[in-house]
Amino acid sequence: MSLENHWSNTVFDLICKQDISIVSFVPDAGLSQLIELCVAHEGIQTVRLASEEEGVALAMGTWLGGKKSLLLMQSSGVGNCINMFSMLTSCQVPLPMLVTMRGDWGEFNPWQVPMGQGSEHVMKEMGVTTFRAKKNDEVAECTEGAIRLAFNTYRPTAVLIDQRVLGAKTFGR
Amino acid sequence: MTLLDRRQVVKRLLEPRSALLVVAGLGAPAWDITAAGDHPLNFPMWGGMGGALATGLGLALAQPTRRVLVVTGDGELLMGLNSLATIGVVQPANLAITVLDNEVYGETGKQKTHTGFGVDLSAVASACGFKNSSIITHESELTSLKKEVDGSGLIFAQVKVDLKSDELVLPPRDGPLLKNRFREALLGDRCHFSN
């Protein structure tokens with residue numbers, strides 16, 4: 001896909017339009033373009049996390065301080081967040097998240113599969129409302145809905161971006 | 001060596017109360033800030049162990065003109081040690097972190113934590129890029145610590161405290177209440193009307 005049509009551009013516009021000023025992330029190949037756009041933008045403070053759960057706690061603090069944040073991560077990072085999600089659900093704190101999938105369609109690495117298959121389940125169990133984007137043009141649509149739902153109804157939400165959108169990592173096999 | 005009393009330390013930091021925004025890690029630090037006087041700009045945590053520093057970082061980034069103090073314990077910090085690295089990269093100049101280090105998990109039966117075996121949290125903070133990182137062991141150091149906490153710059157202070165169990169002074173447990181009263185005190189009524 002050409003860079004011009006990449007979902008990252010539309011999602012980045014949504015971030016700006018929805019007044020999200022703090023974006024935290026643990027990188028993933030599928031997120032690299034969006035991360036670059038956020039890092040390059042003066043109006044957005046980016047925070048590179050050492051572990052995804054920091055981004056959940058960070059969102060608690062940004063919301064206490066009156067700012068909106070967004071968390072970007074790979075599906076394996078969902079497992080690192082489980083206990084920290086309890087803070088958002090207990091305090092009714094909004095946080096939209098974008099989760100790029102591993103361990104799903106076309107996966108090469110067997111060790112990615114358990115967490116990939118479990119990601120949506122554990123998020124739901126912890127009170128995160130989830131949406132799945134299976135096609136390129138569904139990413140922005142799901143993200144807009146997830147951002148609105150999060151900040152209008154005070155809850156964590158997540159868009160899980162399918163490997164059919166991202167392309168499965170093949171290690172050349 | 002006589003170790004410091006955690007309640008006295010926190011009281012010295014919060015009295016008189018400056019314009020500080022205060023986040024406390026779960027357990028004893030949350031009771032300590034409450035014992036010093038419940039305040040709408042206190043955010044005592046009842047869960048999310050390991051998340052106090054990152055919560056403080058989020059608040060510091062959202063409110064760059066306000067001073068943020070995180071009060072937490074050694075066990076809580078050890079669970080989110082990676083946040084020292086994250087904060088070291090961001091270098092927020094309005095964030096002060098004090099760790100009340102009694103070298104045990106006080107709430108669960110006083111089992112020793114890593115600091116009880118010599119893990120040096122202030123050295124970890126220094127290695128993560130905190131230029132002002134110290135170990136506080138004496139009462140005479142609290143006056144300058146209070147000044148630094150109320151002042152400016154990123155600071156990390158590991159305060160060695162005794163093992164004494166204090167009376168429980170519990171803050172409200174209702175998460176939405178803690179969140180909303182904090183936001184209202186900081187942002188005004190308008191926070192309920194717009195996002």
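Student: Leaving aside neighbours within four places in sequence, which residues is A:Val99 in contact with?
Tutor: The model is predicted, and contact here requires C-beta atoms within 7 Å. Once neighbours within four places in sequence are set aside, the contacts of A:Val99 are A:Met73, A:Ser75, A:Val78, A:Ser119, A:Ala158, A:Val159, A:Leu160 and A:Ile161.

Student: Which residues have the most contacts inside the largest nonpolar core?
Tutor: In soluble globular proteins, nonpolar side chains tend to be buried together. The largest nonpolar core here has 104 residues. Those with the most contacts inside this core are A:Val56, A:Val99 and A:Val159.

Student: Which helix gives the largest share of this core?
Tutor: The core in question is the one of 104 residues. Its largest share amounts to 8 residues, and these come from chain B, residues 52-62, which is helix α3.

Student: Is A:Ala158 buried or exposed?
Tutor: A:Ala158 belongs to strand β6 of chain A, residues 156-161. Around this residue, 27 other C-beta atoms lie within 10 Å. A residue needs 20 or more to pass the cut-off, so A:Ala158 is buried.

Student: How many Å apart in space are A:Ala158 and A:Gly145, C-alpha to C-alpha?
Tutor: In sequence, A:Ala158 and A:Gly145 are 13 residues apart. Leaving aside neighbours within four places in sequence, the contacts of A:Ala158 include A:Ala146 and A:Val99. From C-alpha to C-alpha, A:Ala158 and A:Gly145 are separated in space by 9.9 Å.

Student: Leaving aside neighbours within four places in sequence, which residues is B:Arg183 in contact with?
Tutor: B:Glu141 is 42 residues from B:Arg183 in sequence and 33 Å from it in space, C-alpha to C-alpha. With neighbours within four places in sequence left aside, the contacts of B:Arg183 are A:Leu64, A:Gly66 and B:Cys191.

Student: Which element supplies the largest share of the side of chain A that touches chain B?
Tutor: The contact takes 29 residues from chain A and 30 residues from chain B. On the chain A side, β2 (45-48), α3 (52-64) and α4 (78-91) each contribute at least two residues. By class, that side has 14 nonpolar, 11 polar and 4 charged residues. The largest share, 9 residues, is supplied by α3(A).

Student: How are α1(A) and α2(A) oriented to each other?
Tutor: Helix α1 (residues 7-17) and helix α2 (residues 32-40) of chain A pack with axes 9 Å apart, at an angle of about 40 degrees. Their crossing is right-handed. A:Ser8, A:Val11 and A:Phe12 of α1(A) meet A:Gln33, A:Leu34, A:Leu37 and A:Cys38 of α2(A). Angles under 35 degrees would count as roughly parallel, so α1(A) and α2(A) are oblique.

Student: How many residues of the contact of α1(B) with α7(B) are charged?
Tutor: The axes of α1 (residues 6-14) and α7 (residues 142-150) of chain B come within 9 Å and cross at roughly 50 degrees. B:Val9, B:Arg12 and B:Leu13 of α1(B) make the contact with B:Leu142, B:Leu145, B:Lys146 and B:Val149 of α7(B). Of these residues, 5 are nonpolar and none is polar. The number of charged residues is 2.

Conventions: Residues numbered from 1 in each chain as written. Chains lettered and ligands numbered in written order. Predicted model: local features only at pLDDT ≥ 70, side-chain atom pairs only at ≥ 80, totals over all residues. Axes fitted to C-alpha atoms, helices over the stretch in contact; angles between N-to-C directions. Helix = DSSP H or I, 4+ residues; strand = E, 2+ residues; numbered from the N terminus. Contact = placed C-beta atoms within 7 Å. Nonpolar A, V, L, I, M, F, W, Y, C, P; charged D, E, K, R; others polar. Parallel < 35°, antiparallel > 145°, perpendicular 65-115°, else oblique. Left-handed = near helix turned anticlockwise from the far one by under 90°. Core = buried A, V, L, I, M, F, W, Y, C linked by C-beta atoms within 7 Å. Buried ≥ 20, exposed ≤ 12 C-beta atoms within 10 Å, placed from the backbone.
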